[in-house]
Amino acid sequence: MGSLFAELARQASTNARREVETYAREIPEFGFLDKDARARAETLEHSVWLRHRTVELSPDNSELTDDDLGCIASMGELRATNGMSLDARQGVLRVHTALMLREINEATDAQRGGGVDELMRMMIWFAPQGERGIGAYRQGFVRVLRRRMPYAEQIALLARSLLKGDPIAAELAAAVDMELPDRCAVTVFRLPDPPVVDRFLENEIETLVKAHQTPVIWGPEDGDGSAELIALVPLVSDATTAEHAPPHTVPDLLPDLAPDHVPDVVRDFARALGRPCAVGTATAPLPELAEALERARRIGRAAPLRRASAGLRPYALADVFVELAVADVPFVDSWLRSLARTLDSGPDLLLTLDAYYRHDMHRGTTATALNVHTRTLDYRLRRVRELTGIDPGSTQGVRTLSAVVTRHLSGAWR
């Protein structure tokens, strides 16, 4: 055994004690180690064992054995059984990896600059075997979650791990028989009047999760009592998406539109929720889901509130970019709100404009949707022009009055 490996072997017990102390100091959930002598001894024993196995295997670049991986997995099982959170588990892996690298560096420094060949051998071994060890730890952790945690909680844990970019998502997905896609449409249901989450609703949502292979999680309640349901709708790969892109377009300039199957998913979940809601969606590859969630939330706040039976659909950036900009310019928002107040005095004028723009200003289709005669529709549109001085069918009308309608229906002015 070379001098670097001998130095690591000599320091194994000392380094293991430092690791246990770091866990107790930096990870709140490990505070119990200061009170539970048996748990502390078990943690220390495992840390010493892992360091000795590192020194034994790395000189010849030998792989961790199945028994080794089983021992590591059992530690993951023990931590999950004790109720460790995903955040704490990730903290353990971070601390362990950082300390192992620090120990290798310290052992190298102790050789006064020598042992370069040994250092290279150690690093060649460390990366792949470290990855295998972390994978075993995750698998053991997830095995316990699968046995002890209800399906709905496993799904929520999967959604949370995807949004945080936690690598454990792969094991969690396998545990609930889901395949992870390359991309997701992060879809936020904004519910000003959230439903009571009883067993019946949980069962309905669970059925939809399985049918659409879509992880969901309830977001935090806002101060106004509203809530949100976050759904991660799986999407096809970029290559398939590119095949269906409009011709003669630059991909980076394409608007962030809701993919074709997302409206069906939205309608199914909205029916289960049984409440008016506004839906915002933003697509992203898995590593960027957290940023997509923030975009989807902002879009959902700008989108109109509707029931599932009243034309509810997911809104993307391309649908509400004007309203998003308006929300950040108070004097413009105030002007649009004054127009809405003016239109409130007429006979269903805001409702009429909503239908008019949703049906692309087609008079016959709009009148049918409103269940009125086209002459009644024409009268209402003339009334809008009289009250505001803006023709609803003009360019200015579309730009201005459609923003008025959407801001009004979003509930932003309540």
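## Helix contacts, a salt bridge and a surface patch

Arg10 and Glu7 sit 3 residues apart in helix α1 (residues 3-10), so about one helical turn separates them. Their side chains meet in a salt bridge, at 2.4 Å from N to O. Keep in mind that this is a predicted model. Here's a quick run through a few of its features.

**Salt bridges**
- Searching the whole structure turns up 30 salt bridges.
- One of them is the pairing of Arg10 with Glu7.

**Where α15 meets α18**
- Helix α15 (residues 349-358) packs against helix α18 (residues 395-409) at an angle of about 115°, and the two axes are 10 Å apart.
- The crossing of α15 and α18 is left-handed.
- On the α15 side, the contact is made by Leu350, Leu353, Asp354 and Tyr357.
- From α18 come Gly397, Val398, Leu401, Ser402, Val404, Val405, His408 and Leu409.
- Sorted by type, the residues of this α15 and α18 contact come out as 8 nonpolar, 3 polar and 1 charged.

- Val116, Met120 and Ile124 make up a nonpolar surface patch of about 300 Å².
- Of these residues, Ile124 is found in helix α6, which covers residues 116-148.

Technical notes:
Residues are numbered from 1 along each chain as its sequence is written. This is a predicted model: local features need pLDDT of at least 70, side-chain atom pairs count only at pLDDT 80 or more; totals for chains, interfaces and linings use all residues. Side-chain values use heavy atoms; hydrogens and water are left out. Patches are made of residues with over 30% relative accessible area and no salt bridge: like charges are joined within 9 Å, nonpolar side chains (Val, Leu, Ile, Met, Phe, Trp, Tyr) within 5 Å. Accessible areas come from the Shrake-Rupley method with a 1.4 Å probe; for residues, only the protein chains shown count as cover. A salt bridge is a side-chain nitrogen of Lys or Arg within 4 Å of a carboxyl oxygen of Asp or Glu. Helices (H or I, at least four residues) and strands (E, at least two) are DSSP runs, numbered from the N terminus. Axes are lines fitted to C-alpha atoms, for helices over the stretch in contact, and angles run from 0 to 180 degrees between N-to-C directions. A crossing is left-handed if the near helix is turned anticlockwise from the far one by less than a right angle, and right-handed if clockwise. Contact means heavy atoms within 4.5 Å. Ala, Val, Leu, Ile, Met, Phe, Trp, Tyr, Cys and Pro count as nonpolar, Asp, Glu, Lys and Arg as charged, and the others, Gly among them, as polar.
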